[in-house]
Amino acid sequence: MNGTLKLKDGFEVPTVIVHDQYVLEVLAPKHNDIDYDAWTSSIKELQGIFGPKNKWPEEGYTKEQNLNDLDRHYREFEESIAYAYTILSPDRKSCIGCLYIRPTPVVTFDTRVDFWFRNSHNYLESLFFDELKRWLKSEWQFSNALFPGRETTWEEYYQLVDKSM
């Protein structure tokens with residue numbers, strides 16, 4: 001991971017956000033079963049969500065491999081390197097997606113943000129995206145978040161990264 005996130009002085013990174021249609025909670029090893037169920041239910045549709053150079057998710061990826069990923073994400077959160085959240089159903093019984101707020105090597109942006117929803121809940125994407133942009137600006141005070149594959153094409157993103165190296 002390149003770069004560091006510059007957070008405002010005294011900002012306490014939220015660990016839980018409750019919305020009427022979803023709950024954000026720190027992505028942790030305890031979510032392995034429901035996280036694995038979420039993305040494996042939508043493999044074909046999620047391929048390329050992190051860009052054409054990223055192979056995730058792949059058929060045959062095991063729960064143990066997923067657990068290792070969740071361990072890494074949780075450590076990154078604890079060490080203030082990057083912030084991954086599981087997007088849970090309001091009753092917190094199922095994972096409906098994930099959100100990743102991380103550093104970017106592109107110096108003209110504050111952060112790189114990625115998220116996905118499982119097929120059964122992708123109808124929430126537009127609402128979530130709008131609310132996410134407002135939240136990042138008002139709470140995190142990121143004035144220029146980068147959303148590759150959404151507001152910036154992957155080709156444009158890779159060009160920006162290359163220029164920043």
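The chain has five helices and six strands (DSSP runs, H or I of at least four residues for helices and E of at least two for strands, numbered from the N terminus). Starting at the N terminus, their order is β-β-α-α-α-β-β-β-α-β-α. This is a predicted model, where local features need pLDDT of at least 70 and side-chain atom pairs count only at pLDDT 80 or more, while totals for chains, interfaces and linings use all residues. Residues are numbered from 1 along each chain as its sequence is written, and side-chain values use heavy atoms, leaving out hydrogens and water.

**Aromatic pairs**
- You will find 22 aromatic pairs in the structure (Phe, Tyr or six-membered Trp rings with centres within 6.5 Å; planes under 30 degrees apart are stacked, over 60 edge-to-face, the rest tilted).
- Phenylalanine 50 and tyrosine 100 form an edge-to-face pair, because their ring centres are 5.3 Å apart and their planes stand at 80 degrees.
- Since phenylalanine 50 sits in the loop between helix H2 (43-46) and helix H3 (63-78) and tyrosine 100 in strand S4 (residues 95-102), the pair ties together parts 50 residues apart in sequence.
- Phenylalanine 50 and tyrosine 100 are both buried (under 20% relative accessible area, with exposed over 50% and partly exposed in between, using a 1.4 Å probe and protein chains only).

**A ring cluster**
- Phe11, Phe77, Tyr83, Tyr85, Trp135, Trp140 and Phe142 are linked into a cluster by ring pairs.
- Tryptophan 140 and phenylalanine 142 are both buried.

**Burial overall**
- Across the chain's 165 residues, 48% count as buried.
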